[in-house]
Amino acid sequence: MTGVAPTTMLDPALLAGIGDLELLARTVVDGFLHGAHRSSRAGLSVDFAEHRAYQPGDDLRRIDWRVYGRTDRFYLKTYEAETNADVRIALDVSASMGFQSGPLSKFGWARAMLASLAWLAKRQGDRVGYIPLGRDASAIVPPSTRHLPLVLQALSRAEPEGEIALGAALERVAELKGRAGMLVVASDCYDRPEAIQHGVAALEARGHDVMLLHVIDPAERDLPYEGSETFADLETAHRVALKPQEIRAGYLEAFGAHGDALAERVGGTGAEYLRVYGDEPLDRALRAWLEHRRRPERGR
Amino acid sequence: MPFAFLVPLFLAGFAALVIPVVLHLRRRDRQKPTPFPSLMFLSRLPTQTDHRRRITDWPLLLLRALALVLLVFAFARPYLQRSDVTRANPVGLTVLLLDRSASMDAVGVREAWVDSARAVIEGLPTGRRIAIVAFDASATVLLEPTDDHAAARAVIGATPVAAGATRFAAGLRAAANLLAHEPLPGDIVLVSDLQRSGLAATSAPALPSGTTLRTVAVHPASRDNAAVLAIEVQSVPAEEARRAVVAARIDRHGGEAPRTTEAVLVIDGREISTVAVILPADGTARVVFDTVTLARAEARVTVRVGADALPSDDARYLVVPAELATRITLVAAGNAQPDEWRYVEQALRIGRDPVFTVERVNRLDRATIDRSAAILLFDAVVPEGEVATALDAWLRAGGGLVVVAGERLAGRRGELDPLTATLRGNIDRREGAVLGDAETSHPALSAFREERSDAFAAVRVRRHAVIDAPGDGAVLLRFDDGSPALIAGASGAGRTMLVAIPLDARRGDFPLQPAFLPFLRGVVGWAAGHGAGAPVQESGEPWLAPVSLRTPVVRSPAGDLARPVDATRFVVLRDAGFHEAFEGRAGGLPVGVIAVNAPAAESDLTMMAAEELLLGVAELPAAGAMSPPELASAREARQRGWRWLLLAFLVVLGVETVVASRGWRGVAARSPAVSSNGGAPR
């Protein structure tokens, strides 16, 4: 990569040419970290936060024996941030994610983003896992420090197909067993904002720290069509014939209102909502995740 | 001039006009829809439903609809209707139907016939239209409908009497065709001798409703008519010369008492013998002439009786071929024992119809081939080299070859030229193979057609040759295991027959069975060309020239030349007598002589009542319901509208293409094609 500015590797046009997801993720993360002049351990903290009572299932090694000596009760020490938090990435694999007007589809963009994020999390010592938001639940990869290859493999195999309701899918994720942790969801959010809000709220209630990436294709953002068009829904195959120039204003207004409603409702649950576009580099989303990662752990 | 459609069913295609309208309403002006992630927002927008059911591109829709209309009209084949015949031809038509059969040549009839026909024309009112049709076995329109009576009289004078048989149906059918196109009912005036025999053989015609049929009978001076109806020539065994006995059958129609006449035998133009013969009233006499010496070459034999009511049947003509007996060459292998071929030779020598002259040789040569009517290779090897070439040429020119595959020939195995069959050796059938599946419809096995029981069932074969039949060969007989026993084939104009049945008594008992004699004579006779049987050539009938004549020319007894009709090989021979066939031009020695005789039925001058003629005559729809015949070119001109419509369709299609690909429509059409993964918009 000599002679090429590392940050350019975050450009979707370049990422589209990299078939190996591991290589892509590593390239992105290296480029991102190099460009950001940050340590690979950035965001980690070992600062003591508080003691909490022992609960069955907690690691005995984490019991503060001094406190036990003093109080004859079991307490665990917690810190500002866990060095090996569970980071789950969830990818919307519905057919609508396959839409593509530029060099990279929404699905391709989101997959690259999540792979990079998994790689970054692994470098920070986190356990990474993967949850596909679709019909096939067998591809779920539980979080582990050794599961990065499985996560990348599952991401590579994923194909956008079928139809899902995002809100309901998130509620199903909330029902999954396992320790709560960080959950990054990449989706085009074609569902009612209320339904998505319910899903995110269920995750938050389960203790997950949710970050929702709303992936938008430039054509969805701008509706740049002219003349007479018959549009076909990628998920339902329904068709509608219209002249885009006549309805563009109305569409953009409705689309924007949808985004705003999501931001308001999802943000209201305590989760983070981030609108990302398929024609922009990945670093904004990565940076947002790192900042999100630095936030004090809540509820632990 | 109004127009109509040849195929109005295609007008249903107008229903297809719905297609462009639907297409426009559905706005399917692009080949594929544009994929979009979700119609969650688009389908909620109110404006799209307003546009959905509104036609936005009227010019393009009209162009496409016009193209469809033109196409539908073109397929429906519009044509201009003809002008009303009724207005054009308000005057009725009389069809003068003239019998020109051989019987009209009877004494006194010809003159009466002409006078009667002229009288009919004279009797027509001025302005009455007339058409003239002459007929014997077939009909010819001599004069198309006209009001020119002088032209009609001229036609009558120039009409020759033909020599064909009388067929009233042929004449009435031609007259009916003319009258069918008339707006007013017409009439037919038949001038004929009303010979009863003219009613036979064909179905009654149908006449247009309202047509009147009037007959003008022309009687011969006498009905007493004798005719020579058959000549038989029997060869007489003689050492030095070719001698034969000639006999003739003479029929007499009419008369009240026996009468005596003279029968004269004429051979090659020379009167050879005259015999007095007594002819009974309405009876038959047979006359046998003295034994005569015939030339080695082809002989022209004529038997003539004294002139009577109908001169044309007073003579009978016959061409006697150069050899009365059919020469068969029996080729036996040099080492063949007499008991192998003896049965075959004896069977061929027995019998009279046909008479075979058998010449047995061990080896073929060119001279032997050329003088053979058929060659029988009795288990002998097919010759090679120059003789094989000569044999092949002789066969293709019309010769007949019979190959009997026995122990020696089948044992050689392999291809058998020129029969293209394959020999597979011999097979032992100790239990005795039986013959079956006889194709008795074939002339070679015609002798077994009337057999109620299977004539071959008694035959037992203990060892026979195994043969693969060629693709074009016909298996006429099989062994009980399905393998071919007798295969008929063709080579050019020649005939071939391959026999796998042993024809000796060593390997089976076929020669000892009753079926052997008719089988062998039938097979060899067919190969020698007897199977088809020589047709009786009657005057007025077409003669089929043999394929050996590339450009046949026939010279009639009167010296007139005739060539095949159109592209066929048929030459119509009208006169009785000897016709000579030539190759290319009529000169030198003829390559063939055809004896043509007056139709036998014409000899009976018995008349019938005019009413009998109408028996069975059907009625066509009212006259005027059909249009007169029209020239093909005129009909084509009235129907060629579809071409212009198709041309206009193509022009409109071109305009549509230009309109649809220019301006904003072109921009819309060039929108990017999309895949299932989506597509890049402009």
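The structure is a predicted model, in which local features need pLDDT of at least 70 and side-chain atom pairs count only at pLDDT 80 or more, while totals for chains, interfaces and linings use all residues. Residues are numbered from 1 along each chain as its sequence is written, and chains are lettered from A and ligands numbered from 1 in the order in which they are written.

Chain A holds 10 helices and 10 strands; helices (H or I, at least four residues) and strands (E, at least two) are DSSP runs, numbered from the N terminus. Of its 300 residues, 43% count as buried. Here a residue is buried if 20 or more other C-beta atoms lie within 10 Å of its own, exposed if 12 or fewer, and partly exposed in between, with C-beta atoms placed from the backbone. Among contacts in chain A between residues at least 6 apart in sequence, 76% join residues at least 24 apart; two residues are in contact if their C-beta atoms, placed from the backbone, lie within 7 Å.

An open sheet of 6 strands in chain A has the order β5-β4-β3-β6-β7-β10, with mixed pairing. Strands pair if DSSP finds at least two bridges between them. At the edges stand β5 (141-144) and β10 (272-277) of chain A, each with a single partner strand, so one side of each is left without a neighbour in the sheet. From one strand to the next, the twist averages 20°. Axes are lines fitted to C-alpha atoms, for helices over the stretch in contact, and angles run from 0 to 180 degrees between N-to-C directions. Strand β4 (residues 127-133) of chain A is joined to β5(A) by 2 bridges, and the two run antiparallel. The bridge partner of A:Y130 in β5(A) is A:V141. Helix α5 (residues 148-157) of chain A packs on this sheet, touching β3 (86-92), β4 and β5 of chain A, and its direction makes about 20° with that of β4(A). Helix α6 (residues 166-174) of chain A also packs on the sheet, where it touches β3, β4 and β6 (182-187) of chain A; its direction makes about 140° with that of β4(A).

Helix pairs come next. Two packed helices are described by the angle between their axes and the distance between the axes. In chain A, the axes of helix α7 (residues 193-205) and helix α9 (residues 244-268) come within 9 Å and cross at roughly 25°. The two helices, α7(A) and α9(A), are therefore roughly parallel to each other; angles under 35 degrees count as roughly parallel, over 145 as roughly antiparallel, 65 to 115 as roughly perpendicular and the rest as oblique. The crossing of α7(A) past α9(A) is right-handed, meaning that the near helix is turned clockwise from the far one by less than a right angle. On the α7(A) side, A:P193, A:E194, A:I196, A:Q197 and A:V200 meet A:H258, A:A261, A:L262, A:R265 and A:V266 of α9(A). The residues of this contact divide into 6 nonpolar, 2 polar and 2 charged, where Ala, Val, Leu, Ile, Met, Phe, Trp, Tyr, Cys and Pro count as nonpolar, Asp, Glu, Lys and Arg as charged, and the others, Gly among them, as polar.

In chain B, helix α5 (residues 109-122) and helix α6 (residues 149-158) pack at an angle of about 175°, with their axes 10 Å apart. Helices α5(B) and α6(B) are therefore roughly antiparallel to each other. Their contact is made by B:V114, B:A117, B:R118 and B:I121 of α5(B) and by B:H149, B:A152, B:R153 and B:I156 of α6(B). By type, these residues are 5 nonpolar, 1 polar and 2 charged.

Chain B also has an open sheet of 4 strands in the order β13-β12-β16-β17, with antiparallel pairing. Its edge strands are β13 (270-279) and β17 (315-320), each pairing on one side only. Strand β12 (residues 259-267) of chain B is joined to β13(B) by 9 bridges, and B:V264 stands opposite B:T274 in β13(B). B:V275 lies in strand β13 of chain B and, with 15 C-beta neighbours inside 10 Å, counts as partly exposed. Not counting residues up to four places away in sequence, B:V275 touches B:A263, B:V287 and B:F289.

Elsewhere in chain B, strand β18 (residues 326-332) is mostly covered, with 5 of its 7 residues buried. β18(B) pairs with strand β19 (residues 356-361) of chain B in the parallel sense over 6 bridges, and B:T329 stands opposite B:E359 in β19(B). A further 5 bridges join β18(B) to strand β20 (residues 374-378) of chain B, which run parallel.
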